Amino acid sequence: KEPSPPVLEPPVTTSSPARPIQTSYVPPANPKPNKNGIVKPSLEDVKDDSLVAMTNKHGKGKYWFKSGCPTPDPRWSACQQLMIGPIPGDVEYSTLRSAFLSKGHTIHLFIQNNQAWLEKNQEKFGKKQVKFGYVVYTDSAVASRLLSQGYVMVGHAKVAVKEMDGQPALFVN
């Protein structure tokens, strides 16, 4: 008997009053599960017609994380995702991963470290080096709980969490 193909969760269409976010996921013909049997969809297989994707200079219709106005990654439901940051520049990826994993099972953790953007936005953050990113949880209740808390302790730092709702992020120095 052949093994069953892995189950893929379809993305959920979300919208905010400011911008509708529409996505459609087309599963690949031969999805390859990771060592735990989970298939992580490729961005190549996702049509994203959010404002961010349609104005992406790296390829129209491709998802691109923008910390100033974060939209959900179209591979997962928006209610599973949280923007994280600002993250102090001296915090290692492994420390971040451990902190967010301690709150619940994560599917994906992305950290952006764009030096050109940081220099352009230095007035918001001063001279300190910061990073931004997003985390995706398997259980939307974990994301909801962290959102109501407003932050996650990562080592010595309180790292803020925000909905990936396409609305501008507000940062406090």
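**Close-up views of a predicted model**

View 1. With a relative accessible area of 45%, His 105 is partly exposed (buried means under 20%, exposed over 50%, and partly exposed in between, using a 1.4 Å probe and protein chains only). This is a predicted model, in which local features need pLDDT of at least 70 and side-chain atom pairs count only at pLDDT 80 or more, while totals for chains, interfaces and linings use all residues. Residues are numbered from 1 along each chain as its sequence is written, and side-chain values use heavy atoms, leaving out hydrogens and water. His 105 lies in the loop between α2 (93-101) and β6 (106-112) (helices, H or I, have at least four residues and strands, E, at least two; both are DSSP runs numbered from the N terminus). Beyond neighbours within four places in sequence, His 105 contacts Val 136, Tyr 137 and Thr 138 (contact means heavy atoms within 4.5 Å).

**View 2. Arg 75 and Asp 73 form a salt bridge.** Their closest N and O atoms are 2.7 Å apart (a salt bridge is a side-chain nitrogen of Lys or Arg within 4 Å of a carboxyl oxygen of Asp or Glu). Arg 75 is buried, at 10% relative accessible area, and Asp 73 is buried too, at 0%.

**View 3. Asp 165 and Lys 162 form a salt bridge.** Here the closest N and O atoms are 2.7 Å apart. Asp 165 is partly exposed at 21%, whereas Lys 162 is buried at 19%.

**View 4. Confidence along the chain.** Mean pLDDT (the predictor's confidence in each residue, from 0 to 100) is lowest in strand β1 (residues 14-15), at 40, and highest in helix α5 (residues 140-149), at 97.
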